[in-house]
Amino acid sequence: MKRQPIRLAPRRATTLDRIDKAVDSTLNKTRSWGPARQAGVVLATYAAHAGALGRGSVLLPYQLVPNEFGLWQSVGFDSLLGGAFLGLHVLRRRKGTSRKRELPPAPEIGKRALLTTIGALAVAYRWSGYVAALVDGFVYRATPTATPAMGRALQVLGGHLAWLVVGVSVLAVVPALEMRDGRVRWNREKATAWYRFKWKTDWLWWVAGGYCASALIFNVADGLNHFLVPPTLFDDDTLVTKMVNPDEGRGVASILVGGVAPCVTAPWWEEVLYRGFLLRALERLCGRADVATVVSSLLFAAHHLSLTAALPLAALGATWSYLYLASGNLLVPVAIHALWNARVFAGTVLGL
């Protein structure tokens, strides 16, 4: 008697399978979109966050963790959306359906060249502070009628542009110097490796999802920060906070001038420096992306010279490092950083 083959019942698609399939369908439709169309969707997501998503929340029936700061009594819509994006990303990573992104090869840089570059950048950063003071004095001497708001805005912008110009020059020269045939030569490939973006790829959902995930991670880190930092330290008043919220004389001109550095040039330069250069160089030297992420994120937080914001900034730095490594595109953290700073600046200045 011939034995009949055993037929296995087809596996029923689970809810997670259907969600994964829907995500795949959406991604396949948007992969062919050009940069302008992708930017439109990102800006729409950003506008939604600046409005209802950034302000609304779901009130919890009880406080998640009892505390005297009034934290964790509700969950913001932005955190819920960030959790949804994180959940989808983890799901697709576990199922193996997410596309693997290739990072551009990290230029070969030795330990001595790395330390020399970091030292040169530290000197440049310190020097830019003196430029800011010179700009401040020049503004008040050249234009006695300048308002305190405009003076602070020009001071921040002048110091930042000085740091930007010298920092870019350092990255374009110091790591790119090589000894060949007994002569020092400049390697153009190394000089431009830190600034490479990929505009003509599907970066849309990396930016939109990464921005929302950043909001969730920041909210959690900021809540924990209240337990770790003494309350008296939250009264610190930096030059930037004075600039965006001065006592008098704030006008449209000072707001526009003051917004150039935090919303335009700083996000690009800081991502080039901490993700494009430092993260990749450390990863190459130690051979571990996780160690490179931690070190570069701590330096990113220390750069902002704010003890009260150190933990949230380090959390953001680690998040943007991961997004860069996962997406393979420096444009992703640059865009998220620019949107983030613009939201903070607009919220402080315009009360959004």
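Author: Contact here means heavy atoms within 4.5 Å. The structure is a predicted model, in which local features need pLDDT of at least 70 and side-chain atom pairs count only at pLDDT 80 or more, while totals for chains, interfaces and linings use all residues. Residues are numbered from 1 along each chain as its sequence is written, and side-chain values use heavy atoms, with hydrogens and water left out.

Reader: Which residues are in contact with proline 175, leaving aside its neighbours within four places in sequence?

Author: They are Ile109, Thr117, Val170, Lys190, Trp194 and Phe277. Proline 175 itself lies in the loop between helix H5 (148-173) and E3. Helices (H or I, at least four residues) and strands (E, at least two) are DSSP runs, numbered from the N terminus.

Reader: Why is proline 175 called buried?

Author: Buried means under 20% relative accessible area, exposed means over 50%, and partly exposed is in between (1.4 Å probe, protein chains only). Proline 175 has a relative accessible area of 3%, so it is buried. Its C-alpha is 8.7 Å from that of asparagine 187, 12 residues away in sequence.

Reader: What makes E3 and E4 a pair of strands?

Author: Two strands pair if DSSP finds at least two bridges between them. E3 (residues 177-180) and E4 (residues 183-186) have four bridges, in the antiparallel sense. Glutamate 178 stands opposite arginine 185, and methionine 179 stands opposite valine 184. The two strands form a hairpin with two residues between them, and aspartate 181 in the turn has a positive phi of about 55°.

Reader: How do you know that the length of H3 agrees with that of a helix of its residue count?

Author: The expected span of a helix is 1.5 Å times one less than its number of residues. Helix H3 (residues 77-95) has 19 residues and should therefore span 27 Å; its end C-alpha atoms are 27 Å apart, which agrees. Just after H3, glycine 96 takes a positive phi of about 75°.

Reader: Which residues of H3 are buried, and what do they pack against?

Author: Asp78, Ser79, Gly82, Leu91 and Arg92 are buried in H3. The buried residues of H3 pack against H1, H2, strand E2 (74-76) and helix H7 (204-228).

Reader: What makes the buried residues of H10 line one face of the helix?

Author: H10 (residues 289-303) has 15 residues and reaches 21 Å from its first C-alpha to its last, close to the 21 Å expected. Its buried residues are Ala292, Thr293, Ser296, Ser297, Phe300, Ala301 and His303. Seen down the axis of H10, they fall within an arc of 160° (taken from the directions from the helix axis to the C-beta atoms), so they line one face. An α-helix has 3.6 residues a turn, so residues three or four places apart point the same way.

Reader: Why is leucine 305 called exposed?

Author: Its relative accessibility is 64%, so leucine 305 counts as exposed. Leucine 305 sits in the loop between H10 and helix H11 (310-327). Its phi is near 55°, a positive value in a residue other than glycine.

Reader: Is serine 32 buried or exposed?

Author: Serine 32 has a relative accessible area of 64% and is therefore exposed. It is found in the loop between helix H1 (15-30) and helix H2 (35-55). Serine 32 and lysine 200 are 168 residues apart in sequence, with 9.1 Å between their C-alpha atoms.

Reader: Why is valine 58 placed in the class it has?

Author: Valine 58 has a relative accessible area of 37%, so it is partly exposed. This residue is in strand E1 (residues 57-59). Leaving aside its neighbours within four places in sequence, valine 58 is in contact with Ser74, Val75, Phe77 and Leu80.

Reader: How many disulfides does the structure hold?

Author: A disulfide is a pair of cysteine sulfur atoms within 2.5 Å, and the structure holds zero of them. Cysteine 263 is buried, with a relative accessible area of 18%, whereas cysteine 286, at 39%, counts as partly exposed.

Reader: What share of the chain is buried?

Author: Of the 352 residues, 41% count as buried. The chain has 12 helices and four strands. Among contacts between residues at least 6 apart in sequence, 76% join residues at least 24 apart.
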